[in-house]
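Please find below a colleague's note on the structure shown here.

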Amino acid sequence: MASGTLDFYYEFASPYSYLAAARITALAELADVQVVWKPFLLGPIFAGQGYTTSPFNTYPLKGAHMWRDLDRLAVLARLPPVTRPDPFPANGLLAARLAVYLNDACRPSFTRAVFFAEFAQGRDISDRETLRQILAGLGHFYGDVVAEAEQQENKDRLRHQTEEAKHRGIFGAPSFVTADRELFWGNDRLEMALDHARSLARGSLAKGK
């Protein structure tokens with residue numbers, strides 16, 4: 001059992017969340033940290049900040065830099081070149097509901113597959129056929145999973161997780177929160193977040209001796 005824990009908040013429209021999702025499992029294993037995968041929606045949080053779309057769209061120079069930055073980071077992570085979704089940001093609502101519905105064991109593989117389809121293959125993740133193929137590839141029967149994911153109870157789970165993210169001070173994705181509620185924002189802070197989670201766990205173990 002892992003000695004530390006880390007909450008990983010991600011949004012399917014976020015390209016930096018894609019990079020973090022691709023990297024986090026191997027790094028967490030090395031750090032002996034258990035990751036809790038928490039999909040949420042940035043839209044309501046951005047709306048509270050006064051944005052009607054992604055800040056990368058609002059500020060074109062910032063957006064252009066982001067796509068170039070993603071190209072460089074994809075090379076470092078040994079991932080295919082990043083494809084820009086059209087439209088951007090993509091509508092990841094149903095994908096997020098599916099991710100919330102799936103159990104802890106299935107959620108990471110589904111999440112990675114959705115991100116890969118979106119940012120490596122250029123597929124439309126709001127298209128139900130795309131999601132059907134992803135679920136089928138992971139051994140899930142699409143009809144049953146979607147029917148459950150679209151129940152009000154599951155919709156409320158996603159809404160609650162988004163409110164939880166907002167309450168924790170999250171303003172962007174990906175974000176990582178440790179057991180002491182320390183917040184780390186951005187793919188480039190993943191290693192720092194894991195190191196902090198591991199240090200917390202080791203400190204707790206030392207106190208218990």
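In which helix does arginine 157 lie? The points below begin with that residue, after two remarks on the basis of the analysis.

This is a predicted model, in which local features need pLDDT of at least 70, side-chain atom pairs count only at pLDDT 80 or more, and totals for chains, interfaces and linings use all residues. Residues are numbered from 1 along each chain as its sequence is written, and side-chain values use heavy atoms, with hydrogens and water left out.

1. Arginine 157 belongs to helix α9, residues 152–167. Helices (H or I, at least four residues) and strands (E, at least two) are DSSP runs, numbered from the N terminus. With a relative accessible area of 38%, arginine 157 is partly exposed; this class lies between buried (under 20%) and exposed (over 50%), for a 1.4 Å probe and protein chains only. Its side chain and that of asparagine 154 form a polar contact of 3.0 Å. A polar contact is a pair of N or O atoms within 3.5 Å; within protein, one must be able to donate a hydrogen and the other to accept it, and residues adjacent in sequence count only if both atoms are side-chain atoms. The C-alpha atoms of arginine 157 and tyrosine 101 are 8.4 Å apart, although 56 residues separate the two along the chain.

2. Lysine 38 is part of strand β2, residues 33–39. Is this lysine buried or exposed? Lysine 38 is buried, its relative accessible area being 12%. Its side chain makes a polar contact of 3.0 Å with the side chain of glutamate 164. Leaving aside residues up to four places away in sequence, lysine 38 touches Asp7, Phe8, Tyr9, Tyr10, Gln161 and Glu164, where contact means heavy atoms within 4.5 Å.

3. Serine 14 is listed by UniProt, in an unreviewed entry, under "active site"; such annotations may be inferred rather than shown by experiment. Serine 14 sits in the loop between β1 (4–10) and α1 and is buried, at a relative accessible area of 7%. Beyond residues up to four places away in sequence, serine 14 touches Phe115, Phe119, Ala173 and Pro174.

4. The axes of helix α1 (residues 15–31) and helix α4 (residues 60–76) come within 11 Å and cross at roughly 10°. The two helices are therefore roughly parallel, the term for angles under 35 degrees. Pro15, Tyr16 and Leu19 of α1 meet Met66, Asp69, Leu70, Leu73 and Ala74 of α4.

Terms used. Axes are lines fitted to C-alpha atoms, for helices over the stretch in contact, and angles run from 0 to 180 degrees between N-to-C directions. Angles under 35 degrees count as roughly parallel, over 145 as roughly antiparallel, 65 to 115 as roughly perpendicular and the rest as oblique.
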